[in-house]
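Dear colleague,

I am passing on the structure we spoke about, and it is shown just below. After it you will find my notes, with the cut-offs stated where each term comes in.

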Amino acid sequence: MRTEYKKLTRAIVQLIASSALFTMPVTLIAAECSAKSGAQTVPLLELYTSEGCSSCPPADKWLSDLKSGADKVVPLAFHVDYWNYIGWKDRFSTAEYSARQRKIAAFSGASFVYTPQFTFNGKDFRGWDGSRLQHGIENSLKQAARANLTLHADNQANGEILIKATAQSTNPNDAKFADIFIAIYENKLASQVNAGENNGRQLRHDYVVRDFLGAYQLNNQNEFTKIITLKSEWQRLSYKFENMGAVIFVQDARTGEILQSLQLPFCG
């Protein structure tokens, strides 16, 4: 997998000076960055977790400590909502993420879900540890990519981020059943838990899914393009763009297998 990042900054400086008045420079800066998938399959590592689950913090920490390169594995943390009833409502949880976990379980014929649960390329990943993960990554990177993906993010002068995502299947047999998903994630999050099983603990999280879009399908030309605008209002809702990024992945709708994934931390 070869991921390419490009950073481009543009600055316009205006100086107005006269014998009677001097105005400080005005600088407008925009930043762009992009990523492109390569010839091998980069695996997707999903964590299903909850702040209301006492056994989840070690899994959250393990995910945060991976510090994985985007060209090796793409991590995402989905916070489920079915533990909210025991006294603490996880502010990152949604019913949508719980539904995704149940759908993944159904692919393998499992009749229940649990937390914390890792899935690796759409399959249950029990007994998670660094050596098993490394073995899985090495095997995945030996597989030829079954989709080509790109992500491009452009920081606008008005505080918005413009994201362009594209996908193309490399195998015509996959195209009809290729589901495309886009996740916006955030790092360096923390919660002081005041109830439930983790009462009194401060929990820290990375790769937390803050928005999840899809499933999208390829068009008749075996292509997909999506433009997403992250409004500046997100920042006023405590989202910190400097800690965020985007992920695009393609999943086989029949088996749950991940055909390709790509991560892009936001630049600037």
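**What covers helix H1**

The buried residues of H1 are covered by elements that include strand E3 (44–49), strand E4 (74–79), strand E5 (117–120), helix H3 (130–141) and strand E11 (202–205), where cover is judged by contact, meaning heavy atoms within 4.5 Å. Helix H1 itself spans residues 57–65, and its buried residues are Pro57, Ala59, Asp60, Trp62, Leu63 and Ser64; buried stands for under 20% relative accessible area, exposed for over 50%, and partly exposed for what lies in between, with a 1.4 Å probe and protein chains only. Helices (H or I, at least four residues) and strands (E, at least two) are DSSP runs, numbered from the N terminus. Just after H1, lysine 67 takes a positive phi of about 45°.

**Basis of the values**

Please keep in mind that this is a predicted model, in which local features need pLDDT of at least 70 and side-chain atom pairs count only at pLDDT 80 or more, while totals for chains, interfaces and linings use all residues. Residues are numbered from 1 along each chain as its sequence is written, and side-chain values use heavy atoms, with hydrogens and water left out.

**The chain as a whole**

The protein chain has 5 helices and 15 strands, and buried residues make up 50% of its 268 residues. Among the contacts in the chain with a separation of 6 or more, 71% are between residues 24 or more positions apart.

**Cysteines**

A disulfide is a covalent bond between the sulfur atoms of two cysteines, and here a pair of cysteine sulfur atoms within 2.5 Å is taken as one. By this rule the count comes to 1 disulfide, formed by cysteine 33 and cysteine 267 with their sulfur atoms 2.4 Å apart. Cysteine 33 lies in strand E2 (residues 22–36) and cysteine 267 in the segment after strand E15 (258–265), so the pair ties together parts that are 234 residues apart in sequence. The torsion about their S-S bond is about 125°, so the disulfide is right-handed. Cysteine 33 counts as buried at 2% relative accessibility, and cysteine 267 counts as buried at 8%. Cysteine 53 is buried as well, with a relative accessible area of 4%, and so is cysteine 56, at 0%.

**Glutamine 117**

Which residues does glutamine 117 touch, not counting those up to four places away in sequence? They are Glu46, Leu47, Tyr48, Gln101 and Asp124. Glutamine 117 has its place in strand E5 and is buried, with a relative accessible area of 7%. Its side chain makes a polar contact of 2.8 Å with the side chain of glutamine 101, and another polar contact, of 2.9 Å, joins the side chains of glutamine 117 and aspartate 124. A polar contact is a pair of N or O atoms within 3.5 Å; within protein, one must be able to donate a hydrogen and the other to accept it, and residues adjacent in sequence count only if both atoms are side-chain atoms.

**Backbone points to check**

The peptide bond from threonine 115 to proline 116 is cis, with omega near -10°, and proline 116 lies in the loop between H2 and E5. A cis peptide bond also joins glycine 214 and alanine 215, with omega about 10°, and alanine 215 is placed in strand E12. Asparagine 121, in the loop between E5 and strand E6 (123–124), has a positive phi near 55° and is buried, with a relative accessible area of 14%. Asparagine 222, found in the loop between E12 and strand E13 (223–230), has a positive phi near 65° and is buried, with a relative accessible area of 18%.

With kind regards
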